[in-house]
Amino acid sequence: MNETPLVLVSGGSRGLGFAIVRHLLKEGYQVATFSRSVTEEFERLREEYRDRLFYFYGDMANRETIEDLVKKIEKDIGPIEALINNAGIACEGVLATMPPGQIEQLIAINLTGTILLTRLVVRRMIVRCRGIVLSISSIIGLRGYAGLAAYSATKAGLDGMTRALARELGPRKIRVNAIAPGYLETEMTGKLDEKQRNQITRRTPMGRLGLPEDVVGVVSFLLSPASSFITGQTIVVDGGITC
């Protein structure tokens, strides 16, 4: 069995998740990831790293699928040494007029599914007394933004889980942290019009939107021994917009 550390990344086929997967592969990790679909770019990466990149179909809103997935990964590939909770969707709209089904889907994927996946993985980490859990949160969960109340609630929930779980798992030598990116150049911000993008840029001290590459270095740090005394923290990567 391959002794290279195995990292499970949820939603790793596009956007920030894809950038994380690609970066970890370049650093020598084994990576397992799942999503509901893949891009051509991901398929090319999969071909390049066929011995270390493992893809599975998985829906964060389907508990049975996720349970089967974790069991299969541990049985066929090996123990999950680190979990990166990246999968999520964004929905914008005033809460008073947002359809209930949209709210339920947002919570099911961004929060409930992430908590259930984390539960499955840490149960196995506890037995081994080692592991790392890293969740991709958002500055939206740290500050108030009109039209993003439901989305903000899910991301703030991840930050709360991070702090509480760090206390639960610290005695088992398992570290739990989160990263809160600002506005990144990904599919999620592709819907912004020029006026919105310019407004964000003006409010950002670094004078631009972030790139996925701005986040992956922090991921590497939090997975490395250099961060061995850091747990329960949410690291903000936003170019200073929340200063």
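A: Rings of Phe, Tyr and Trp (its six-membered ring) count as a pair if their centres lie within 6.5 Å, and planes over 60 degrees apart make the pair edge-to-face. In this predicted model, three aromatic pairs are present. One of them joins Phe42 and Tyr55 in an edge-to-face arrangement, with 5.5 Å centre to centre and 65° between the planes. Because Phe42 belongs to helix α2 (residues 40-48) and Tyr55 to strand β3 (residues 53-57), this pair ties together parts that are 13 residues apart in sequence. Phe42 and Tyr55 are both buried.

A further edge-to-face pair is formed by Tyr145 and Tyr183, for which the values are 6.4 Å centre to centre and 80° between the planes. Here both partners sit in loops: Tyr145 between β5 (131-136) and α5 (149-169), and Tyr183 between β6 (174-181) and α6 (194-203), so the pair ties together parts that are 38 residues apart in sequence. As buried means under 20% relative accessible area and exposed over 50%, Tyr145 counts as partly exposed at 24%. Tyr183, with a relative accessible area of 21%, is likewise partly exposed.

In summary, Phe42 and Tyr55 are buried, whereas Tyr145 is partly exposed, as is Tyr183.

Notes: Residues are numbered from 1 along each chain as its sequence is written. This is a predicted model: local features need pLDDT of at least 70, side-chain atom pairs count only at pLDDT 80 or more; totals for chains, interfaces and linings use all residues. Side-chain values use heavy atoms; hydrogens and water are left out. Rings of Phe, Tyr and Trp (its six-membered ring) pair if their centres lie within 6.5 Å; planes under 30 degrees apart count as stacked, over 60 as edge-to-face and the rest as tilted. Helices (H or I, at least four residues) and strands (E, at least two) are DSSP runs, numbered from the N terminus. Buried means under 20% relative accessible area, exposed over 50%, partly exposed in between (1.4 Å probe, protein chains only).
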